[in-house]
Structures are given as C-alpha cells and as structure tokens.
Amino acid sequence: MKNKIIVSLIAGAVSLVGCSKDFLETEPTEFISSDQVNEAVELNPELGVSYLNGLYVTMFTPGTGGTTRHDDFGQKGYDIFSDMLSSDMVLGGLNYGWYTYISEMQSTVDFTSSANAQVWRYYYTIIRGANTVIEGLGGNDITLTDAGSRHVMGQAKAMRAYAYFYLAQYFAEGYNPSQPILPIYTDTDAPNQPLSTTQEVYSLMVDDLTEAAEYLADFNRDSKSQIDQYVAKGLLVYVYAAMGDDAMAKPLAKDIVDNGGFALMSAEEVTGVFNDINTPGWMWGIDITLDNNLDLISWWGQMDVFTYSYAWVGDVKSIDDDLFASIAPEDIRKTQFEDVYGIDQRAPVNKFYAPGRTIGGQRSVTTDYIYMRVAEFYLLHAETAAKTGDEAAAKATLKALLEQRVPDASYIDALSGQALLDEIYLQTRIELWGEGKSYLAMKRNRATITRGPNHLSFPGESFTYDDDRLTFEIPQSEIQNNPNIN
C-alpha cells in the first residue's frame, strides 16, 4: 500500500496560502512525500495548514474512492451507504441504479464489488495523508511545544482516527477485541501490514484523539471545516461508545453539551436550515461554494429533490415507513418528510433542501455538508448515562432535546431500564435520519432491524446488527496486493 497522499487532492489547498508553484513543479507530479511536507513546512509553517486543508477537501471530492461512479463523493456518500444498510433510508426508485446493490445488500457479500473498494480506498487515502502530515511534523512520538505545530498535529491525528473509526464500523461486525479487522499504518514507509485486532485499532484511535483534544485545547479554528477540540472529543465519544466503554463516553459527551458553545437546533431550524454551516447546532461540516464545482455527483444530488440530479428524477431517498409511523403526530420532525411524487415514498423535502425549493432547480451545489452536530451528543450522553445506570441524567438530557421537538416530553419521566434505552435509540434514529449516524447506533446498541413495507427489497424482513450483509468485505484489490491478508 502506498503511504503517500495524492497531490491533486491538496494542490488547491496549498495554493490558498500563496506557496510558490515552483516548489511543486520541481517535485514528482503524482505524489508528495512526508520529506517534502517537512521541507515545505520548514520553509513556510502555514503550509502545514494547507496540507490539512487538503485532507478536508478529500472529504467531499468526487472520485476519492478511486472511481468515476456517481455515488463516489467522499464522506457523505458513505453516509448514504450506511443509512441504507441500517434500513432507516429507503431507495425508493431504481431508474438509474445508483445504490441498488447497497439497498439489496449485494455489495456487502461480494468482495469484488466496487463499493467495498471505494470505502476502503477513501478512508485509507485519508490515513495516508494524515500520516504524511504527522511524519512531516516529526512523527508519532514527538512532543511539540509550538502552538501552530500542535494544532496541525492535533487535526492530523484526529483525521487519522476518524478514518480508522469508520473503517472499523464498516468492516467489522461488532466490537470483538481479539478479532483481526484492519491493517494499521502509522507512518509513510511501512510495508504492507497484516490485520491488527479490534483492540489494537481502537487503542490507536483513543491515543490519537486524546492527544488531539489536548493539542487543540487552545486552537481557535477559522471555520467549521476544521477539527477543533470538541470535534476531536466528539469522535472520541463515538469510539468509546462503540467499545462499550460508556463510563468514558458519558462525561465527554456531557462536556461537549455543556461547554462546546453549540446550541441545539430549534424546531424551526430542523425544518429550515439544514443547508447552512453557520447553523449554531452544527459542529463540523463544509461550506460548499461554486468554487468546489459540485453538481450532479454530490450528496445533495442524490438526496434532494430540489437539486438537479437523481432524487429529482425519481430515485428518491425516503424514510422507512415503520420509522416514520413511530414519529409522534405532534413531533415537528414528522413534517420533515412528504410523499412529493405520490409513490408512497416520503422524501426529506423539509429537512434537506436547496433554499430556492424549485424541483430540480439547484444545478451547481452551494448548500453545505454536515458531518457532526451537537444533538448527537445530547443523544449519546443520554444513551451512555442510561447504560451506566444514571437514568436521571439520561432522562434530563433526552428531555432537553425533545422539548425542542414535541409539545410535551414529560412521558420520558415514566421510562426506565430497557424501555428508556429503546426510546433513546428510537429518538437517535429520528433526530439523525439521513446524517449517516443510524448505522453507528445500530452497531453499538446491537440492534435488530426490520425493514418497513416501502422497501423495494426485503420488506418486512429482519436483520441483526452482525449480519454479514450489513458489513463490507475487505476488497479484492487489497487481498490481491497485500500478501499479509488472505
């Protein structure tokens, strides 16, 4: 496996700080090495930020999974993959074929499927890039005192952990500490590695994110596209919760809720501003502009009927009927979904939409991408508090969110035990529908999912969280190219 970052993904970001193009022109045109990063950062410390910006650009760039497919556009593409595997999202039309093999659970049982390779390549590209930055700053074990270097290192280590977290979710059926799941790469010169155990992979994530949060404690980011201490802590909450270490996850989630400075999205905002990174409840995302050149091949193109692309022309992405039925009639979130085409498929036309609200109207995408918001940590605090026996705290946090969604949340007071955990899981699925988080909740809660009647495949059938069909296979290309995996 090559441990270098593709220059085309970072060249635009490098230009943002006015680096002389002569530097890039005198080096190989396909890859840039950690030595070149080190040399560049020594000449101009601001370049460390530019290389990090390149990683952030990778997160929304089409083709970063190594294909020209129209479902290959970075993190939000894999959010759709996982939402469909969790069955909370329904592929309501098969006109163009995108996501058919995901919704039919065929890609996940065929290691030759391009979907497996896309997911693998995207996250390992992030890992290669993060390792390049880390090595350019002196390596994994260096102690940094300069604030600028610490901030770059913190973000790079958080990005590496982010990539390993999603790989561990997508390629492992659950948290089994002794189960070999992924090869670990922490430097740019390592040869092909064998599979490391789940415990080893998660230990790397915990170390990276703990250090990242410390390094970023005094970092004031320029935009929400960058990882700050609370985003790093948020990723660490997810890691601990996936491990079942709820005692560690609980106070971190509470810290984000209490001290992060992010307000819950109001009732008006959950049906009005799911397209703007400046929304106070958004913690991490990207401000999409015309300069990003996103159009047909984008998350908005696949999800939004008001964007000129696939959802508009019939391949609607809708909410599972049974999940929709579970939303209380007076819950504001019930109004997020409508059957706009009269085909018994309720699309998120009042949650995710281009502001012009003209069917097929947004040709060049300028609506923003969301990766993380504070509501996730209200729900995760409630979940981890309930799992550690602190039901009073769990109820208080859950009610704080629901009071922004329903006229009367007092019914929560009567819940306890499994009924309380079930309600938290349900509210997680409702609140975060379409945001790529239902799959994560399914895995850590070891849930069994049952598809509603509006699914075009397997309606009414149930699947346990560890069903082979819900987890990706190590791709054929990796097995062929890495002799340590067989």
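Visitor: Which helix supplies the largest share of the lining of the largest cavity?
Guide: This is a predicted model. Helix 5 (75-85), helix 8 (147-171), helix 10 (229-243) and strand 8 (369-373) each give at least two residues to that lining. The largest share is three residues, and it comes from helix 8.

Visitor: How many cavities of 30 Å³ or more are there, and what volume has the largest cavity?
Guide: The count at 30 Å³ or more comes to one cavity. For the largest cavity, the volume is about 100 Å³.

Visitor: Which residues lie nearest the centre of the largest cavity?
Guide: The lining holds 14 residues. They divide into 10 nonpolar, one polar and three charged. Nearest the centre lie Tyr166, Leu235, Trp284, Tyr371 and Lys437.

Visitor: Now to another site. Is Ser438 buried or exposed?
Guide: Ser438 sits in helix 17 (residues 438-444). Its relative accessible area is 2%. Buried means under 20%. Ser438 has 2%, so Ser438 is buried.

Visitor: Which residues is Ser438 in contact with, leaving aside neighbours within four places in sequence?
Guide: Contact here means heavy atoms within 4.5 Å. With those neighbours left aside, the partners of Ser438 are Asp83, Ser86, Asp88 and Arg429.

Visitor: What distance separates the C-alpha atoms of Ser438 and Asp88?
Guide: Asp88 is one of the contacts of Ser438. Along the chain the two residues are 350 residues apart. Their C-alpha atoms are separated by 7.3 Å.

Methods: Residues numbered from 1 in each chain as written. Predicted model: local features only at pLDDT ≥ 70, side-chain atom pairs only at ≥ 80, totals over all residues. Heavy atoms only, no water. 1 Å grid on protein atoms, 1.4 Å probe; cavity = no way out; pocket = protein on both sides within 12 Å on 5 of 7 lines; lining within 4 Å. Points joined across faces, edges and corners; volume = space filled by probe spheres on them. Helix = DSSP H or I, 4+ residues; strand = E, 2+ residues; numbered from the N terminus. Nonpolar A, V, L, I, M, F, W, Y, C, P; charged D, E, K, R; others polar. Buried < 20%, exposed > 50% of the residue type's maximum accessible area, 1.4 Å probe, protein only.
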